[in-house]
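Biologist: Pick one part of this model and take me through it up close, please. I'd also like to hear what else you can say about the rest.

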Amino acid sequence: MNENLFSSFITPVMMGLPIVIVIVMFPSIMFPSPNRLINNRLISIQQWLVQLTSKQMLVIHNQKGQTWALMLMSLILFIGSTNLLGLLPHSFTPTTQLSLNLGMAIPLWAGTVITGFRYKTKASLAHFLPQGTPLPLIPMLIIIETISLFIQPMALAVRLTANITAGHLLIHLIGGATLALMNISAPTAMVTFMILILLTILEFAVALIQAYVFTLLVSLYLHDNT
Amino acid sequence: MPQLDTSTWSITILSMIITLFLMFQLKVSKYYFPEDPKPTLAATPKPVTPWEKKWTKIYFPLSLPL
């Protein structure tokens with residue numbers, strides 16, 4: 001039962017070939033690149049959505065922070081499309097892999113911190129000590145602020161992994177329960193099926209929200225450091 | 001938990017780096033948001049002849065020989 005439940009999270013390997021590469025690259029097919037002066041409807045709608053999102057997200061940044069626009073937009077598109085495609089049955093969701101999320105979170109967070117150190121060294125070091133702290137508390141507070149700084153990438157990665165993995169596990173479990181209950185008592189199976197439908201709607205929302213939260217937090221760390 | 005099996009971590013991270021930093025950014029960088037058309041003057045300005053571009057000493061009335 002244990003092995004069966006987690007089997008959808010094993011990195012897919014087909015006959016020794018790591019097809020995880022193909023699976024991770026697959027969502028980019030959903031976004032065709034614009035080649036014409038007037039594009040088709042799909043590209044125009046995606047372009048409009050990207051414009052809407054980027055205006056919303058980049059309004060808090062100054063000139064320096066807005067150079068990260070391309071990075072943040074491709075980040076939100078990647079995470080959002082990967083999460084949404086993972087809701088298809090029997091599909092593999094790359095964002096359930098801790099490796100992928102750590103690989104995204106650590107370089108992006110490190111980039112924002114190093115940018116802050118290079119351009120505003122004093123201000124970025126000053127973040128370790130909030131204003132108006134009483135003198136005896138200073139050493140402990142610096143330790144606490146350092147820990148909270150270094151936990152940011154870990155929290156980013158684990159948050160995304162845990163949310164998507166938990167959602168997928170719940171869908172598996174409740175789906176299995178519905179199937180098992182069908183032979184025992186049909187009304188209970190209907191109730192469980194309703195729960196499954198509600199959960200799937202929730203998972204659609206979670207897929208998009210998690211992408212948004214990840215990108216928003218990276219953008220916030222950037223704002224602190226530019 | 002299969003996510004903690006580190007043997008597959010390198011290939012996953014490599015494929016993510018290729019996708020996120022190469023493919024998606026190439027696609028999004030091609031998005032083109034044209035500016036709104038600005039109203040411009042229909043009349044063209046008078047073309048400047050080469051000798052009118054530079055004010056030379058000979059145009060000062062007090063420096064003319066007569």
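Modeller: Helices here are DSSP runs of H or I with at least four residues, strands are runs of E with at least two, and both are numbered from the N terminus. Keep in mind that this is a predicted model, where local features need pLDDT of at least 70, side-chain atom pairs count only at pLDDT 80 or more, and totals for chains, interfaces and linings use all residues. Residues are numbered from 1 along each chain as its sequence is written, chains are lettered from A and ligands numbered from 1 in the order written, and side-chain values use heavy atoms, leaving out hydrogens and water. Overall, the model scores ipTM 0.79 and pTM 0.83.

Let's zoom in on helix α8 of chain A, residues 186-225, which is where Phe193(A) lies. Phe193(A) counts as partly exposed because its relative accessibility is 37% (under 20% is buried, over 50% exposed, in between partly exposed; 1.4 Å probe, protein chains only). Together with Met190(A), Met194(A), Ile197(A), Leu198(A) and Ile201(A), Phe193(A) makes a nonpolar surface patch of about 590 Å². A patch takes residues with over 30% relative accessible area and no salt bridge, joining nonpolar side chains (Val, Leu, Ile, Met, Phe, Trp, Tyr) within 5 Å and like charges within 9 Å; the areas are Shrake-Rupley values with a 1.4 Å probe, and for residues only the protein chains shown count as cover.

Thr192(A), also in α8, is another story: its relative accessibility is 11%, so it counts as buried. Skipping neighbours within four places in sequence, Thr192(A) is in contact (heavy atoms within 4.5 Å) with Ile174(A), Ala177(A), Thr178(A) and Leu181(A). Further along α8 sits Val206(A), buried because its relative accessible area is 16%. Val206(A) is 94 residues from Thr112(A) in sequence and 26 Å away in space, C-alpha to C-alpha.

Now for the inside. Beyond its sequence neighbours within four places, Ile79(A) is in contact with Phe214(A), Ala211(A), Leu160(A), Met104(A) and Thr95(A).

Away from that helix, the loop between α4 and α5 of chain A holds His90(A). His90(A) has a positive phi, near 65°, without being a glycine, and it counts as exposed because its relative accessible area is 87%.

As for chain B, it has 2 helices and 0 strands. Buried residues make up 21% of its 66 residues. Its mean pLDDT (the predictor's confidence in each residue, from 0 to 100) is 79, with 76% of residues at 70 or more. Over all chains, a search finds 1 salt bridge, meaning a Lys or Arg side-chain nitrogen within 4 Å of an Asp or Glu carboxyl oxygen. Lys38(B) forms a salt bridge with Glu35(B), the closest N and O atoms being 3.9 Å apart. Lys38(B) is exposed at 63% relative accessibility, and Glu35(B) is exposed at 65%.
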